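Here are some questions and answers for a reader who is new to this structure. They go through the chain, its core and its ligand in turn.

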Amino acid sequence: MKVMIVPTPEIGARIVADRIEGLVRYKPNSVLGLATGSSPISLYKELVERSYSINWAKVTTINLDNYCGLADDHPQSYRAEMNANLFDHILIHKDCQTFVPNGMGDEEDIEAECCNYMSRIIERGGIDLQILGIGTNAHIAFNEPGSAFDSRTRRVELDEATREVNKRFFGGDITKVPTHALTMGIGTIMEAREIYLLAWGEGKAEAVAKSVEGPVTTQVPASVLQLHQNAAFVVDDAAVLALKFKDRYARVLDF
Ligand code: GLP
């Protein structure tokens, strides 16, 4: 795993967008694992700006997670978020090329959805490049502290801390934040061939430091990335404030 310190999220976004553009040129039917939340927004803006130079025709996108109980047209559902930030602005068939877990339905529906979700990834040969954000408790996707490193797509209960942080998207009202979610598991994320975790701002500093320099433990889900051969934390100066050994990492001044 490597760490790349960049001056701004926009510069980080350009670096990762370049990699995606190159990958899709080399492998037009690439499978991209995408994330939601505020961290990848600069990347999606950059990808939209490059829509003239990326051919999305054969690409598949697989999102990491979604809330249970929010229909696709709910503005806070991750389907609506992805459409608004990326899919509505690029030439991609949402119905057959983009996948976001569907957290609606009863226990049986959810179980079937989790199974189908995993099959989709396997049928397409696995994820080529995975984008991640990180929670303030170091969760990745909705794999909260304690999640097994070999976990797969499943329904999970959200930590109170995560609901508290995410209530900003629900008008500040925690009672409106769903209590459960569907998430790709850590085992699946770790099988991606290449991973970029994006983290901006001081609010992520503690989680980044624990994940990069602390012990690999299920209590710090993102620490598992230390074991990945081709993962990078792309972080800004504020997000590395708590790192002890900042000078060891690559610093990109401009791109
Ligand atoms: C959510 C998502 C994660 C995301 C994290 C950080 O809980 N499930 O996938 O990485 O929050 O969000 P943000 O990028 O808004 O800080």
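Q: Among contacts in the chain between residues at least 6 apart in sequence, what percentage join residues at least 24 apart?
A: Contact means heavy atoms within 4.5 Å. Counting pairs at least 6 apart in sequence, the share that joins residues at least 24 apart is 78%.

Q: What can be said about the source of the model and its numbering?
A: This is a predicted model, in which local features need pLDDT of at least 70 and side-chain atom pairs count only at pLDDT 80 or more, while totals for chains, interfaces and linings use all residues. Side-chain values use heavy atoms, with hydrogens and water left out, and residues are numbered along each chain as its sequence is written, from 1.

Q: Why does the radius of gyration of the chain agree with a compact globule?
A: The radius is taken over C-alpha atoms, and the globule rule is 2.2 Å times the number of residues to the power 0.38. For 255 residues a compact globule would have a radius near 18 Å, and the chain agrees because its value is 17 Å.

Q: Which residues of helix H3 are buried?
A: Helices are DSSP runs of H or I with at least four residues, numbered from the N terminus. Buried means under 20% relative accessible area (1.4 Å probe, protein chains only). Six of the eight residues of H3 (residues 78-85) are buried, so this helix is largely enclosed by the rest of the structure. The buried residues are Tyr 78, Arg 79, Ala 80, Glu 81, Met 82 and Asn 83.

Q: Which residues touch the most other members of the largest nonpolar core?
A: A nonpolar core is a set of buried Ala, Val, Leu, Ile, Met, Phe, Trp, Tyr and Cys residues joined through side-chain atoms within 4.5 Å. The largest one has 79 residues, and those touching the most other members are Leu 43 and Ile 131.

Q: Which helix gives the most to this core?
A: The helix in question covers residues 9-26 and gives eight residues. It is helix H1.

Q: How far is a polar side-chain atom of Ser 39 from an oxygen atom of the ligand?
A: Ser 39 is among the residues that come nearest to the ligand, out of 13 around it; a residue counts as near if one of its heavy atoms lies within 4 Å. For Ser 39 the distance is 2.5 Å.

Q: What percentage of the ligand's accessible area does the protein cover?
A: Accessible areas come from the Shrake-Rupley method with a 1.4 Å probe. On its own the ligand has 390 Å², and the protein covers 95%.

Conventions. Buried means under 20% relative accessible area, exposed over 50%, partly exposed in between (1.4 Å probe, protein chains only). Helices (H or I, at least four residues) and strands (E, at least two) are DSSP runs, numbered from the N terminus. A polar contact is a pair of N or O atoms within 3.5 Å; within protein, one must be able to donate a hydrogen and the other to accept it, and residues adjacent in sequence count only if both atoms are side-chain atoms.
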